[in-house]
Amino acid sequence: MPKANIKVNINDIGGSIAKQDERYIVKDNQFGNKLVLSSTLLEPNMSTSGHFHNGQEEVYFFIEGKGQMQLDNEFVKVEAGDVVPIHDGVFHKVTNLQDEDMYFVCVLGGYLWGFSEGFGRTSGVFEEVFAV
């Protein structure tokens, strides 16, 4: 079991880099056995990989920036201060619509992600659908 965290700052949730490319940096910090705090720093005019999770819900907290979130076939404007719950099985994707970085934090159940000792996401544990 990972070391217990008593408190983190919303601007730096700690943890380790789970994914990084020219679009974004995603950091995950596992709390206990079933809870993960994930942050994404999304580059200007870029989008996350659209995906959905069967058997898992999430909550997104938008901290900096403005953009758009796709929830299945619905598009919602998002900005700092917005909170968006993602229901089980709903396709979701975030797009940064500005020329500055966008930063958001997500809370999710980690037990479906198959965390290893280094908190890395393992393949085959969630379904991902990439937008074309």
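Predicted model: local features only at pLDDT ≥ 70, side-chain atom pairs only at ≥ 80, totals over all residues.
## Notebook: a walk through an all-strand model

I searched the whole structure for aromatic pairs and got three. For this, rings of Phe, Tyr and Trp (its six-membered ring) pair if their centres lie within 6.5 Å; planes under 30 degrees apart count as stacked, over 60 as edge-to-face and the rest as tilted. One aromatic cluster is made of Tyr 60, Phe 62 and Phe 104.

Residues are numbered from 1 along each chain as its sequence is written, and side-chain values use heavy atoms, with hydrogens and water left out.

**Entry: the overall build**

I looked up the secondary structure and found zero helices and nine strands. Helices (H or I, at least four residues) and strands (E, at least two) are DSSP runs, numbered from the N terminus. Written out in order from the N terminus, that gives β-β-β-β-β-β-β-β-β.

Next I checked burial: 39% of the 132 residues count as buried. Buried means under 20% relative accessible area, exposed over 50%, and partly exposed in between (1.4 Å probe, protein chains only).

I also looked at contacts, meaning heavy atoms within 4.5 Å. Among those between residues at least 6 apart in sequence, 63% join residues at least 24 apart.

**Entry: strand E9 and its partners**

Which strands pair with E9? I found E3 joined to E9 in the antiparallel sense over eight bridges, and E4 joined to E9, also antiparallel, by six. Strands count as paired if DSSP finds at least two bridges between them. I picked out one partner pair from each: Thr 40 has Phe 104 in E9 as its bridge partner, and Tyr 60 has Cys 106 in E9.

How enclosed is E9? Seven of its eight residues are buried, so E9 is largely enclosed by the rest of the structure.

**Entry: the nonpolar cores**

I went looking for nonpolar cores, which are sets of buried Ala, Val, Leu, Ile, Met, Phe, Trp, Tyr and Cys residues joined through side-chain atoms within 4.5 Å. The largest has 17 residues, and Tyr 60, Phe 62, Met 69, Val 84 and Val 94 touch the most other members. Strands E2 (24–31), E3 (35–42), E4 (58–64), E5 (66–71), E7 (83–86) and E9 (102–109) each give two or more residues to this core. E9 gives the largest share of this core, four residues. Another core, of five residues, lies apart from it and includes Ile 13, Phe 31, Tyr 103 and Val 105. General background for this entry: in soluble globular proteins, nonpolar side chains tend to be buried together.

I then zoomed in on Met 69. Leaving aside neighbours within four places in sequence, Met 69 is in contact with residues including Tyr 60, Phe 62, Phe 75, Val 84, Ile 86 and Val 94.

**Entry: Val 59**

Val 59 sits in strand E4. Is Val 59 buried or partly exposed? At 28% relative accessibility, it counts as partly exposed. Not counting residues up to four places away in sequence, Val 59 touches Val 83, Val 84, Pro 85, Val 105, Cys 106 and Val 107. I noted one distance too: Val 59 and Ile 86 are 27 residues apart in sequence, and their C-alpha atoms are 5.8 Å apart in space.

**Entry: the three-stranded sheet**

I traced an open sheet of three strands in the order E6-E5-E8, with antiparallel pairing. Strand E6 (74–79) and strand E8 (92–96) stand at the edges with a single partner strand each, so one side of each is left without a neighbour in the sheet. On average, neighbouring strands here are turned by 25° against each other, direction ignored (axes are lines fitted to C-alpha atoms, for helices over the stretch in contact, and angles run from 0 to 180 degrees between N-to-C directions). E5 and E8 run antiparallel and are joined by five bridges. Gly 67 stands opposite Asn 96 in E8.

**Entry: salt bridges**

How many salt bridges are there? I found two, counting a side-chain nitrogen of Lys or Arg within 4 Å of a carboxyl oxygen of Asp or Glu.

- Lys 27 and Asp 12 meet through their side chains at 3.0 Å, N to O. Lys 27 lies in strand E2 and Asp 12 in the segment before strand E1 (16–20), so the pair ties together parts that are 15 residues apart in sequence. Lys 27 is partly exposed at 22%, and Asp 12 is partly exposed at 46%.
- Arg 23 and Asp 21 meet through their side chains at 2.7 Å, N to O. Arg 23 is buried at 17%, whereas Asp 21 is partly exposed at 26%.
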